[in-house]
Amino acid sequence: MGTRGSRRRALAVLAVAAALVAGLVACADTPSSAENIVRQFTASMNSRNAASAANLTDNPAAARPVIEQMLAGLPAEDIDYSIEQVATTGGRSGNVSLEAKWDFGDGRTWRYTTDGQLTQLSIGWRLVWSPGLMVPNLGVGQTVHLGRTDAAPPTVLDAAGAPYMQEQNVHEVRLDPAKVRDPAETARRLAAALAPVAPLVTDAALTSKLADAQGKTVDVVALRDGDYAVLKSTLDSIPGVVVAEEPQLVLVNRLATSPVTSAIAARWQASRDATAGWEVTINDPDGTRHRVAGEQGPPPPDLATSVDPHVQIAARNGVVGVGPPAALVAFRPSTGQLVAVAQNNQAQQEEGIVALEQADEPGVIFQAFLDAAGVDPEDEDAVANAARQLGIGVDIPVPGLDVSTGSAGDDGVTATTYGMAVAAATISVGALPHPVLFAGDAGSPQGDPPALPGELRDKYRAMMHESVQTGALTSLKRHEGLDALTGQVVSTRPNPPSWLIGIKGDLAFAVYVASTDGASNAVIVADQFLRWLEQPPSE
């Protein structure tokens, strides 16, 4: 009887123990257990669900905006929060350690561990809210941001290795549509104020931009310190004008402006992008930034170009002397360096870069070459071959630029100013150029174009020489060493376009003027170009 009673008591104890163990296991696996709450929190963060993560804290109203800001300020490709440790004290509190990994792409990864506390509320376990739960040392009112860092900016060098473009702080003039009361009046006053330094900024252009702005700020022009100091009071008085000081790549000598500077700026920016660093900062409400992670890449090398500022300034001064759209392109034939590309304000209004992309018939000049080569103008194949010997209609790229030499085929021959400059360079050295804008990055003629026979090259050069010495271009004889040809496009159009190609030493160039009369033609542009070229370089 005693043995049977002892056995019953033992079984009862075992049953109670088993029930307790089962109860503990069940408690550990319930959705409201401490570890499960932390696991849900990490899953919410990894899925970028700020509301869900905030609701797993003891103060959702305070947590949510902080988590939302963090997710917005740290645009990661992947977020990986994981549990390092969860421990409860046996009462209604506990501790938690989380590991966080933010992957921003391109090898940019931020890892850290953060510690927090747990509390058991009537609704179950919750993480005790503190900004430091998200990022170590993050305080109330602070924000977290991913930013870019850059080493010292490179300098754009000209053909001689001197600075051509540099990053400087400029004053960005903009229009805020919300502050513009009378768009037409604001446009008129701003265009008039900027006319001395930015003549292309017209009231019509500004009015159009404002109409298309859809409430967004309109960029107008960037001013250097000197210009801004003169215009500041006037700009301040125009409703809607706002000015911000920002770093920008600008010309060392603004007179050396060229349509290719935008391509140079793009290559410069690409070099900066390739070496850019990154940082994560904790920002105070007053804007003070505290870097907590990141890495800076090496400074990019200076960007060497083929631009010759002296030739560029001379080219610009040449094309601005005529009223119709005009363009000039110049090469160093011996090296293929593209030393100058210029066009006047009228050409700037056209789509694309007129000097490099807009084609027209090569006119009398090309007809003279056909005559010298004994080519029948009715023989389309022979005409196209003669053009391609000069590079016209050949794909001759300039890395970093959109260019065309023109076309040569069944539909006849057309040439761009760039293409005619290629022809002049080919006559100069007897071979098609391998054009260079950026040092070490030359283009090559594509498609196996026909070579220019030596005897033809000599004939063409002799024609150019005779034209200056005794022919139609004796007015340019004062420019020693110049060989050139000029001629209009054969057309029924009134005042048809005119061309001029020239060679002077190691310089080959072409001029195009879209409408020709006694006051506007390619000869006038070439003469002014050469006059400026023969003056000492400006400092």
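This is a predicted model: local features need pLDDT of at least 70, side-chain atom pairs count only at pLDDT 80 or more; totals for chains, interfaces and linings use all residues.
Close-up 1. Helix H4 covers residues 60–73, 14 residues in all. From first C-alpha to last, H4 reaches 20 Å, close to the 20 Å expected at 1.5 Å a residue. Buried positions in H4 are Ala63, Val66, Ile67, Gln69, Met70, Leu71 and Gly73. These buried residues pack against two helices, H2 (34–46) and H3 (50–55). They also pack against strands S1 (78–88), S2 (93–103), S3 (109–121) and S5 (143–149).

**Close-up 2. Serine 97 in strand S2.** Is serine 97 buried or exposed? Its relative accessibility is 11%, so serine 97 counts as buried.

**Close-up 3. The packed pair H5 and H7.** Helix H5 spans residues 183–194, and helix H7 spans residues 225–236. Their axes lie 10 Å apart, at an angle of about 170°. H5 is therefore roughly antiparallel to H7. On the H5 side, the contact is made by Leu190, Ala193 and Leu194. On the H7 side, Leu231, Thr234 and Leu235 take part. Five residues of this contact are nonpolar, one is polar and none is charged.

**Close-up 4. Helix H9, mostly covered.** How many of the 11 residues of H9 (309–319) are buried? Nine are. The buried set is Pro309, Val311, Gln312, Ile313, Ala314, Ala315, Asn317, Gly318 and Val319. Which elements do the buried residues of H9 pack against? They meet strands S7 (163–175), S13 (326–332) and S14 (337–343), plus helix H16 (522–533).

**Close-up 5. The largest nonpolar core.** This core holds 63 residues. Ile264, Val329 and Ile501 have the most contacts inside it. Helix H14 (residues 417–429) gives the most to the core, with eight residues. A second, separate core has 38 residues, including Met45, Tyr81, Leu118 and Ala293. In soluble globular proteins, nonpolar side chains tend to be buried together.

**Close-up 6. The surroundings of isoleucine 501.** Which residues does isoleucine 501 touch, not counting those up to four places away in sequence? Ile365, Phe369, Met420, Ala424 and Ile427 are among them. Met464, Asp483, Ala484 and Leu485 also touch isoleucine 501. Phe509 and Ala510 complete the list. Isoleucine 501 is one of the residues with the most contacts inside the largest nonpolar core.

Conventions:
Residues are numbered from 1 along each chain as its sequence is written. Side-chain values use heavy atoms; hydrogens and water are left out. A nonpolar core is a set of buried Ala, Val, Leu, Ile, Met, Phe, Trp, Tyr and Cys residues joined through side-chain atoms within 4.5 Å. Buried means under 20% relative accessible area, exposed over 50%, partly exposed in between (1.4 Å probe, protein chains only). Helices (H or I, at least four residues) and strands (E, at least two) are DSSP runs, numbered from the N terminus. Contact means heavy atoms within 4.5 Å. The expected span of a helix is 1.5 Å times one less than its number of residues. Axes are lines fitted to C-alpha atoms, for helices over the stretch in contact, and angles run from 0 to 180 degrees between N-to-C directions. Angles under 35 degrees count as roughly parallel, over 145 as roughly antiparallel, 65 to 115 as roughly perpendicular and the rest as oblique. Ala, Val, Leu, Ile, Met, Phe, Trp, Tyr, Cys and Pro count as nonpolar, Asp, Glu, Lys and Arg as charged, and the others, Gly among them, as polar.
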